[in-house]
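Thank you all for coming.

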Amino acid sequence: MRRTSDADGPDVSRRNYLKLGSATALSFASLGSAEAADRSGTADSDGDSNGRIVIKDGTVVPVDSDIGVRRDSDVLVEDGTIERIDRSVDETDAHVIDASDAIVIPGFVNSHLHTWQAGVRGVAGDWSFSEYLDTMLGEISSHYRPVDAYLGNLFGAVEQLNAGTTTILDWFHIANSPGHTNRAIDGLEDAGIRAVFAHGPPGDDSATWWENSTEPHPDDIRRLHRERFPTDDERLTLAMGIRGPDYSTDEVVTQDIELARELGIPASMHIGSLGPGGVETLDELGLLGDDLNYVHANRLTEDEFDLIGDSGGSVSTTPEVEMQMGMGMPALRETIDGGGIPSVGVDIVSNVSGDLFTQTRMALQVQRALDNQPAVERNEQIETVSLPAERALELATIDGARALGLEDEIGSLTPGKRADITLIRTDDINTSPVHDPVETVVFQAGVANVDTVLVDGEIVKLDGDLYNETARKHRDRLMESGRRILRESGLR
């Protein structure tokens, strides 16, 4: 795909982004290349363009039924806001991005990610859930230092941007000290991603925090709320990662949720992967609400999904991890039928694919297979496919935004929302020709096709190249960090 420079001058960049990777993948080997060191700058929403960007001649899939798919259309971004979608937008004083060979979609929303585990990528591919709890939360997490939390979050978030994901819920459960937490937040800031930072428990004593815990949530969250998240209108916002009824006593669950509500922030919990009953407990305690996010939920009962839906709660499905680790089948259908807000997440790159293309496709196709199974067992052919591709794209965008309480800001290319935008190339061998742009995104595209990414109107990836000088400089430190952690954990 081609791009033009600003109408009035050369490319400029407030953050002085430098090239990170190639169009095909973000590999660590490319981060410190000579080419990366020599190239600097990209056009963002500042400088000569006066915060004005025109995405030109794209196939726009806004995930907004009031607008609909528009071919050969322009998207105008001003000061980080989507202003309008039209056939022809005035390019005067604007940075122009040529999207004539691209599908323009909202940035993906990853509703559940333990971002810190990027430093120990690819160690848990053969683990069961109990092995994960014992090894990751019982051993590895205790060897993380504040700098390791920083590097994991920096590179874990950059990986998400590379894959077209502009927003994550970062479920941070190695809050071993205020220093760990501060540095993790710094990593997200330096990555340039939009994130809901879900402050969780420490990761240095799993018996204390994850086995019918009697310990209330660390009080450090009050400091975070006061010092690091004084407002809720920034790119980074605060949430609470609680243990919930599966991992803590009723008294602790009550204290934790009441604390989150006192601070005015949402709470997210892992629930239902060990068995049913957790949501019923929350109901009995009078704690259900639309500020609760339920992760996995595989073994919950139909009545519990109804309780989630009736209370306005959301469910984060992470299909690849759930099926491998024996948690149960992804609960997408149950969430939809119960009226809850469905969403999709990656969970852990220490285990599985870090991109929402893979997770969304898997969630959709697994659910289709489950829906088809009764006909298969009757030796019949199905008449129609249960969930359409369009529903899957909603799952990865606007539904994720709803799950995180951000639907008024992101999740669709609706004028007035923040400009979190992903461009997917359509002239690659696996995406050309495009007959149905939604199906191309859902079934054909992958990380290698992500050409350009904007977060809050800032260009963080352009022409397949990521721009982040901080990550480029710290590439070797991430590798050293991961090796040391695994060595001290007795795994290498």
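Let me begin with a question: are Asp 256 and Arg 243 buried or exposed? Before I answer, please keep in mind that this is a predicted model, and that what I describe was computed from its atoms. The answer is that both Asp 256 and Arg 243 are buried, and their side chains meet in a salt bridge, at 3.3 Å from N to O. This pair links distant parts of the chain, since Asp 256 sits in helix H8, residues 250-263, while Arg 243 belongs to the loop between E9 and H8, 13 residues apart.

As a general point, side chains of opposite charge can pair when their charged atoms come close. In this model the count comes to 34 salt bridges, and I have picked out two further examples.

In one of them, the side chains of Arg 228 and Glu 189 meet at 3.5 Å, again N to O.

Arg 418 lies in the loop between helix H15 (398-403) and strand E14 (421-425), and Asp 456 in the loop between strand E15 (450-455) and strand E16 (458-462), so the pair ties together parts that are 38 residues apart in sequence. Asp 456 is buried, with a relative accessible area of 19%, because the cut-off for buried is under 20%, whereas Arg 418, at 24%, is partly exposed. Salt bridges that share partners also join these two residues with Arg 194, Arg 235, Asp 420 and Glu 458 into one network.

Now to the sheet. It is an open sheet of eight strands, in the order E6-E7-E8-E9-E10-E11-E12-E13, and the pairing is parallel. Strand E6 (108-113) and strand E13 (341-344) stand at the edges with a single partner strand each, so one side of each has no neighbour in the sheet. On average, neighbouring strands are turned by 25 degrees against each other, direction ignored.

Looking at individual strands, E7 (residues 165-172) is joined to E8 (residues 194-199) by six bridges, and Ile 168 has Ala 195 as its bridge partner in E8. Helix H7, residues 220-228, packs on the sheet, touching E8 and strand E9 (236-242), and its direction makes about 170 degrees with that of E9.

Further along, E11 (residues 292-296) pairs with E12 over three bridges in the parallel sense, with Ser 314 of E12 as the bridge partner of Asn 293. In a regular strand the side chains alternate between the two faces of the sheet. In E12, residues 314-317, Ser 314 and Ser 316 point one way and Val 315 and Thr 317 the other way, and all are buried.

Finally, the surface. Met 323, Met 329 and Leu 370 form a nonpolar patch there, with about 220 Å² of accessible area together. Of these residues, Met 323 lies in helix H11, residues 319-324, and is partly exposed, with a relative accessible area of 31%.

Note on methods. Residues are numbered from 1 along each chain as its sequence is written. This is a predicted model: local features need pLDDT of at least 70, side-chain atom pairs count only at pLDDT 80 or more; totals for chains, interfaces and linings use all residues. Side-chain values use heavy atoms; hydrogens and water are left out. Two strands pair if DSSP finds at least two bridges between them. Helices (H or I, at least four residues) and strands (E, at least two) are DSSP runs, numbered from the N terminus. Axes are lines fitted to C-alpha atoms, for helices over the stretch in contact, and angles run from 0 to 180 degrees between N-to-C directions. Contact means heavy atoms within 4.5 Å. Patches are made of residues with over 30% relative accessible area and no salt bridge: like charges are joined within 9 Å, nonpolar side chains (Val, Leu, Ile, Met, Phe, Trp, Tyr) within 5 Å. Accessible areas come from the Shrake-Rupley method with a 1.4 Å probe; for residues, only the protein chains shown count as cover. A salt bridge is a side-chain nitrogen of Lys or Arg within 4 Å of a carboxyl oxygen of Asp or Glu. Buried means under 20% relative accessible area, exposed over 50%, partly exposed in between (1.4 Å probe, protein chains only).
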